[in-house]
Amino acid sequence: MSLTVTPLDNVGAEVSGFDIGKPISDAIKAELKALWYEHGVLLFRDQDINPQRQIEFSRIFGPLELHPLKATTSAENPELFVLENGGDNDKYYTAYYRGEEIVGRLDWHIDLHYTGRPNHGALLRAIVIPSADGLTGFGDLARAYDALDDATKQLLDKIELAYSFSMQRKHMRYVDLEGYQPGPYSPRKPSDVNFPDFPDAVYPGAVTHPVTGAKILGVVEQFLDRVIAPQRAGISNDESIELLERLVAHTRKPEFHYFHKWREGDMVLWDNWRIMHCTTGTKPGVRRVINRTTIAGDVTLGRTLSE
Ligand SMILES: [Fe+2]
């Protein structure tokens, strides 16, 4: 095959050796999809892309999802979601971290995880990129699982984890709150930003990847709330909290992470059933534009507690 695959630091691979402007053969499509499952994160550089081509290319990996925030999709390309910073809306995403004012910082998370039905993946293309900051981090929860000791793996098979959706970062139990202050416009409840309120989502301690069958560590710091009925697995509530603290610290180890420093035109695709991601944010007033397409999630990995 003609594709060139170059591993990125720790997680993912850069793939080159094809032209996105020309028809892509079924053999190359199959190879691209296999590489996505193998590496979890794929980087494509220097491809001549426009929104239509991004949408077509994304379809190789599965049916696309229209983003639930319809107001932010473009009318002519409803599959394309434009993430834009540097305007009036920044104030809602501004907060203080150890005294520094930062726009658009997000903790490690999985998109739509709080619904129990995460989308399968997403492809970001950098349109306007600031000269500093604005990195996107990717963390491999399959490798994080593999690196655990057998006793922890056995315990994970016996527990379920509840995730509690919240608009307020300070209400999240396992994110790093040291030096954190919300901004004056930070939303306080879902309806402040026209979001529905979500019931708790529940996942197994170890999630089985629906396609590859790989075990994925079910611990992601954003919205993580508790082990459900820890006594059923033979541990006390205190022990369950210590377990989650230890596992969240485990997911934060740099050996499972790749942080992408964007260049304009870069495209990054990730498997949202395996890879958690985060954003470092930027200083206020910095323009950043990313075009996003989303691969629909056709499998429910968790459940909601109201069911
Ligand atoms: Fe995200």
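**Exercise 1.** Which residues of helix 5 are exposed, on the other side of the helix?

*Solution.* The model is a predicted one, in which local features need pLDDT of at least 70 and side-chain atom pairs count only at pLDDT 80 or more, while totals for chains, interfaces and linings use all residues. Residues are numbered from 1 along each chain as its sequence is written. Helices (H or I, at least four residues) and strands (E, at least two) are DSSP runs numbered from the N terminus. A residue is buried if 20 or more other C-beta atoms, placed from the backbone, lie within 10 Å of its own, exposed if 12 or fewer, and partly exposed in between. By this criterion Asp 238, Glu 242, Glu 245, Arg 246 and Ala 249 are exposed.

**Exercise 2.** Determine where the buried residues of helix 5 lie around its axis.

*Solution.* First, the buried residues are Ser 240, Leu 243, Leu 244, Leu 247 and Thr 251. Next, their cover includes strand 8 (106–109), strand 10 (136–140), helix 3 (141–146), strand 15 (215–217) and strand 16 (224–227), where contact requires C-beta atoms, placed from the backbone, within 7 Å.

**Exercise 3.** Describe the surroundings of Leu 8.

*Solution.* Leu 8 sits in the loop between strand 1 (4–7) and strand 2 (13–16), and it counts as partly exposed because it has 17 C-beta neighbours inside 10 Å. Leaving aside residues up to four places away in sequence, Leu 8 touches Ala 13, Glu 14, Val 41, Leu 43 and Tyr 258.

Terms used
Contact = placed C-beta atoms within 7 Å. Arc of directions from axis to C-beta.
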